[in-house]
Amino acid sequence: MYDVIIVGGGVIGCAVARYLSRYHASVCLVEREEDVCSGTSKANSGLIHAGFDAPHGSLMAKYNVEGSKMMPALAKELDIPFRRNGAMVLCLNEEDVPRLEALYENGVKNGVEGLELIGPDRIHEIEPNVTDDAVAALYAPTAGIVCPFLMTVAFAENASVNGVEFKLDTEVKAITPAAEGGWTVQTEAGVLKAKCVVNAAGVYSDVFHNMVSAGRKLHITPRRGDYCLLDHTAKDLTDCTIFQVPGKLGKGVLITPTVHGNIILGPTAVSIEDREGVNTTAAGLSELLNKAGATVKQLPANQVITSFAGLRAHEDGHEFIVGEVEDAPGFFNCAGIESPGLSSAPAIGKAVAEMLRDKLSLSEKEDFIPTRRGILDPKTLSREERNALIKEQPAYGQIICRCENVTEGEIIDAIRRPVGARSLDGVKRRVRAGMGRCQAGFCSPRVIEILARELGVESSEITKSGGKSNFIVGTTKDRY
């Protein structure tokens, strides 16, 4: 029997695992996909929100502001890219100025530092490409950007090094009370047992909560958001994250740089029933480009290199559900974690780990390893350092992904690390091979070869993202 089973390998589940690995406990994280960061966490804006939008007094506000303040130290500990680029909420007509002022007041109550209400001159001083229709803006210098893939992977790697077991490609079917106490977690691969369970299952978190609680029932609505990603050539469009005054469905369409030098547009917000509905739509992408085009001058829509959609787990009360369920002792929810979930992840992970520490009377490890070293990027080295690296490890001299200048050495590292890549998408999330302008058109065959060689399998067994997403199907005879 484990002390704790965590259901879900997104940024929240992996954050809980990382902070829980600080204590003496047997911990297992179970994820139905073949890799961590394969659900909501892989399709979001990568923003660390300042915290002015969440309702004052809510868990959203509390964990958002706490998580944002934790990010600089966390980024250093886990060696992940993070930058405070600031954010602006634009008001495009005088009628919306009171709503902007209300956001400012709410942010001050939430404890957000450095907020300013600014006019057109200051707006264009900060961001010259903002539309001339902007009459006012809320400026939040503490807002930031992070890579959601690397943040999730870093949590997972650090948790693994500190003893957390990861069971990937393992879907949880049911959770029930165990006769001897604790919980039985039925998976497609067999039965697991634990004293405590953490429910971090994203859009399925209400399903697992409602299995164990006869009290308050939860209802999660999948809310689909379409995104577009622009090429590196559009990187000068904006340095700030730019919003418009939010509406009833959320913060609205934004324009933001990424830590990797792209520009991302999105998301739309459409409530759907399908918990797997991550398809983009022509209407959604058209709406996205139209709304983004109203924010800046001459949006370079011809620089879009890919589009995608993600799902947010919208709880009916529009609030995070975090903590032990009253009528299900030992069952801890991390449910309804939509925006600002990425920003809140460090704070939620730490808080839930401390709840479990107190519940199970866990002691802190003396040998906990708080740091993690990221994958070496040769582009950050001087010419002399890079030449020395290539001389010692020739794989770093072999460019595999030409668009993003990713080397074979980086891909090998991504595969060999704790909780390493097992698919093309796993490699892509860790080192960006396939993220560039050609969208893996050239590098996929070589990445498949490297994966097969490193994993000791046939190339036909390599998938895009697990399951039946194989690239090579059938025999040569079948194909001709």
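## A tour of cysteines and rings

The bond in question is a disulfide, a pair of cysteine sulfur atoms within 2.5 Å. A search of the whole structure finds zero disulfides. Cysteine 401 is buried, at 2% relative accessible area; buried means under 20%, exposed over 50% and partly exposed in between, using a 1.4 Å probe and protein chains only.

Before moving on, note that this is a predicted model, where local features need pLDDT of at least 70 and side-chain atom pairs count only at pLDDT 80 or more, while totals for chains, interfaces and linings use all residues. Residues are numbered from 1 along each chain as its sequence is written, and side-chain values use heavy atoms, with hydrogens and water left out.

Next, select tyrosine 227 and phenylalanine 308. Their ring centres are 5.0 Å apart and their planes lie at 15°, so this pair is stacked. (Rings of Phe, Tyr and Trp, the last by its six-membered ring, pair if their centres lie within 6.5 Å; planes under 30 degrees apart are stacked, over 60 edge-to-face, and the rest tilted.) Tyrosine 227 is buried at 4% relative accessibility, whereas phenylalanine 308 is partly exposed at 23%.

Last stop: select arginine 402 and phenylalanine 442. The charged end of arginine 402 sits over the ring of phenylalanine 442, 4.3 Å from its centre. Sitting over a ring requires NZ of Lys or CZ of Arg within 6 Å of the ring centre and within 35 degrees of the ring normal.
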